[in-house]
Amino acid sequence: EIEEANRLRPEPVANAMRMVETDFFNSDYFLSVCKKIESGANFKPADWEEMELKLKIVYPNFANSLFALHNMSTIEWRVCMVLKLRIKPADIAMVMKKEKSSISSVRARLYKKIFNKTGSAKEWDEFIFSL
């Protein structure tokens, strides 16, 4: 359904959405998140709240789409948010102070919960990127 909706989206709307996304990934906010991750700094609750607000601006239906499919734990939701920012799983593990294997397990488990079949962490990532 998501792929169909994306395909049927009028070209001017699709172009505008790509521009918003491009602007976001070039924004001072996104660059500051990347620097924070590179430095190994801890994310505070306020950082997670700000990330959620920024994602709502760029991807207005992202959170609602996910929570409509599954009532996520805080860890699951944070993994999804950071994935949506195109942060590598190894960096997600560092930000969340978890092992990389733990982050991979969360992603694969979410795929199974949502699609009711075994899938890889990579397949979950592709789903997140499609939203």
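Modeller: Helix H6 is largely enclosed by the rest of the structure, because 8 of its 11 residues are buried. This is a predicted model, where local features need pLDDT of at least 70, side-chain atom pairs count only at pLDDT 80 or more, and totals for chains, interfaces and linings use all residues. Residues are numbered from 1 along each chain as its sequence is written, and side-chain values use heavy atoms, with hydrogens and water left out.

Biologist: OK, which residues of H6 are buried?

Modeller: They are Glu-76, Trp-77, Val-79, Cys-80, Met-81, Val-82, Leu-83 and Lys-84. Buried means under 20% relative accessible area, exposed over 50%, and partly exposed in between, with a 1.4 Å probe and protein chains only. Helices are DSSP runs (H or I, at least four residues), numbered from the N terminus.

Biologist: Why are H6 and H9 called roughly perpendicular?

Modeller: The axes of H6 (residues 74-84) and H9 (residues 121-130) cross at roughly 70 degrees and come within 9 Å. Axes are lines fitted to C-alpha atoms, for helices over the stretch in contact, and angles run from 0 to 180 degrees between N-to-C directions. Under 35 degrees counts as roughly parallel, over 145 as roughly antiparallel, 65 to 115 as roughly perpendicular, and the rest as oblique. So H6 and H9 are roughly perpendicular.

Biologist: And which residues meet there?

Modeller: Cys-80, Leu-83 and Lys-84 in H6 meet Trp-124, Asp-125, Ile-128 and Phe-129 in H9. Contact means heavy atoms within 4.5 Å.

Biologist: What about H6 and H8: why perpendicular again?

Modeller: H6 packs against H8 (residues 100-115) at about 100 degrees, with their axes 10 Å apart. That angle makes H6 roughly perpendicular to H8. On the H6 side, the contact is made by Ile-75, Glu-76, Val-79, Cys-80 and Leu-83, and on the H8 side by Ile-103, Val-106, Arg-107, Leu-110 and Lys-113.

Biologist: Moving on to H4, why is Asp-47 called buried?

Modeller: Asp-47 sits in H4 (residues 45-58). Its relative accessible area is 16%, so Asp-47 counts as buried.

Biologist: What makes a polar contact with the side chain of Asp-47?

Modeller: The side chain of Lys-36 does, at 2.7 Å. A polar contact is a pair of N or O atoms within 3.5 Å; within protein, one must be able to donate a hydrogen and the other to accept it, and residues adjacent in sequence count only if both atoms are side-chain atoms.

Biologist: Last one: how do you know whether Leu-131 is buried or exposed?

Modeller: Leu-131 lies in the segment after H9. Its relative accessibility is 18%, so Leu-131 counts as buried.

Key. Helix = DSSP H or I, 4+ residues; strand = E, 2+ residues; numbered from the N terminus.
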